[in-house]
Amino acid sequence: MRLNRILLSASLIVVALVVQVSILARLQLPGAVPDLLLLTVLALAMVYGPTGGSLVGFGAGLLADLAPPADHAVGRYALVLCVMGYLAGLAKPEGGKLRSATGPLVVVVGAAISSTLLYAGVGALVGDTAARDVGLGGLLFTASLYDLLLAPFTVPWIMALARRGEHDPVADASGSAGGDVAAGWLTSGGAKGLAIGRQRGLRARAMKSRVARAGRIKGVKRL
C-alpha cells in the first residue's frame, strides 16, 4: 500500500474507533453497537480492492483488539475485519464509480450479518458465550439495522475521501467531495428530480423569452 493510502486509512480508522468507543458504545442501544469501524473498512475496501481491503481490515481489527475497553482475545476482531475487508474488496465498483446504492447496501447488510456470525463463531471456539447469552438473533437484526441506517451518512463520503487520496480521475471530475458517490446513496431518485427541475426551468425560461419577444414585437408595431 502506498504511503498516502496508509496515512489516510490510519486516520479514518482512528477517528472511527474513537467515535465508536466514546459515543456509539455509550448510547446503550438495544442489541448490538453500531459498527462504524466495520463501515469504514467496507468503504475503504470498495476503493482499494480485496488486497488493500484485507490489510485495512486487519489493521483496524487489531487496533480495536488492543484499544480499551476490549474484553476479548487479541486477534479475534482482526480476523473478522480482515475477512470482511477482503470480501468487500471483491465488490469494488467497475471503474471505481458507484452507479446505484443497491450494491453497497447489500455489502453493508451482508458484512453486518457475516461479521457478527464470524465473531460469535470465533468466540465460541475460545469459550466466549456472551453472544449466546444476549441472543444471536437479536444481535444479527440490530447489527444489520444500525449499520444500514448509519451507512448512507458514512460510506459514500469515506469512499470519496479515499478516491481523492488516490488522485482518482473519477473523484477529481466529480467537482465535490463525494459528488458521484453520495448521489447513489442519498438521492436515489434525486437525479430524476433534478432532471425534471431543469426541464421545468428551461421551459419557464423559454416562455419568458417568448413573452419578451412578443412584447418587443408589439412595441415595434405600436411605433
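Start in the loop between helix 1, residues 3-22, and helix 2, where Gln28 is placed. This is a predicted model, and that applies to everything I say today. Gln28 is not a glycine, yet its phi is positive, at about 55°. As background, most residues other than glycine have a negative phi. Is Gln28 buried or exposed? Its relative accessibility is 66%, so Gln28 counts as exposed.

Now the chain overall. Its secondary structure comes to 10 helices and 0 strands. Read along the sequence, the pattern is α-α-α-α-α-α-α-α-α-α. The chain has 223 residues, and buried residues make up 38% of them. Taking the contacts in the chain with a separation of 6 or more, 71% are between residues 24 or more positions apart.

Next, helix 2, which covers residues 36-66. How far does helix 2 span between its end C-alpha atoms? A straight helix of 31 residues would span 45 Å at 1.5 Å a residue, but helix 2 spans only 17 Å. If you look along helix 2, you will find a kink of about 145° at Gly49. That position comes shortly before the proline Pro50. Helix 2 is also mostly covered, with 23 of its 31 residues buried.

Compare that with the span of helix 3. Helix 3 has 14 residues, which should span 20 Å at 1.5 Å a residue, and its end C-alpha atoms are 20 Å apart, so the two agree. Several residues of helix 3 are buried, among them Val80, Leu81, Met84, Gly85 and Ala88. What do the buried residues of helix 3 pack against? They pack against helix 2 and helix 4.

How many aromatic pairs does the structure hold? It holds 1. The pair is formed by Tyr77 and Tyr119, and it is edge-to-face because the ring planes stand at 90°, with the ring centres 5.9 Å apart. The cut-off for edge-to-face is over 60 degrees. The two residues come from distant parts of the chain, 42 residues apart: Tyr77 is in helix 3, residues 76-89, and Tyr119 is in helix 4, residues 102-125. Tyr77 counts as buried, at 11% relative accessibility. Tyr119, at 22%, counts as partly exposed. The line between those two classes is drawn at 20%.

Arg76 is placed in helix 3. It lies over the face of Tyr119, at 3.8 Å from the ring centre.

At 31% relative accessibility, Gly110 counts as partly exposed. Gly110 and Met84 are 26 residues apart in sequence, and from C-alpha to C-alpha they are 9.4 Å apart in space.

Last, two threonines. Thr142 is in helix 6, residues 136-150. With a relative accessibility of 11%, Thr142 counts as buried. Where does its side chain reach? It reaches the backbone oxygen of Gly138, at 2.7 Å. Leaving out residues up to four places away in sequence, Thr142 touches Pro30, Gly31 and Ala32.

The other threonine, Thr154, lies in the loop between helix 6 and helix 7, the latter being residues 155-166. Thr154 counts as buried, at 12% relative accessibility. Which residues is Thr154 in contact with, once its neighbours within four places in sequence are set aside? They are Leu36 and Leu39.

To recap: helix 2 is kinked at Gly49, Tyr77 and Tyr119 pair edge-to-face, and Arg76 lies over the face of Tyr119. That is what I have.

Note on methods: Residues are numbered from 1 along each chain as its sequence is written. This is a predicted model: local features need pLDDT of at least 70, side-chain atom pairs count only at pLDDT 80 or more; totals for chains, interfaces and linings use all residues. Side-chain values use heavy atoms; hydrogens and water are left out. Rings of Phe, Tyr and Trp (its six-membered ring) pair if their centres lie within 6.5 Å; planes under 30 degrees apart count as stacked, over 60 as edge-to-face and the rest as tilted. Helices (H or I, at least four residues) and strands (E, at least two) are DSSP runs, numbered from the N terminus. Buried means under 20% relative accessible area, exposed over 50%, partly exposed in between (1.4 Å probe, protein chains only). A charge sits over a ring if NZ of Lys or CZ of Arg is within 6 Å of the ring centre and within 35 degrees of the ring normal. The expected span of a helix is 1.5 Å times one less than its number of residues. The bend at a residue is the angle between axes fitted to the seven residues ending there and the seven starting there. A polar contact is a pair of N or O atoms within 3.5 Å; within protein, one must be able to donate a hydrogen and the other to accept it, and residues adjacent in sequence count only if both atoms are side-chain atoms. Contact means heavy atoms within 4.5 Å.
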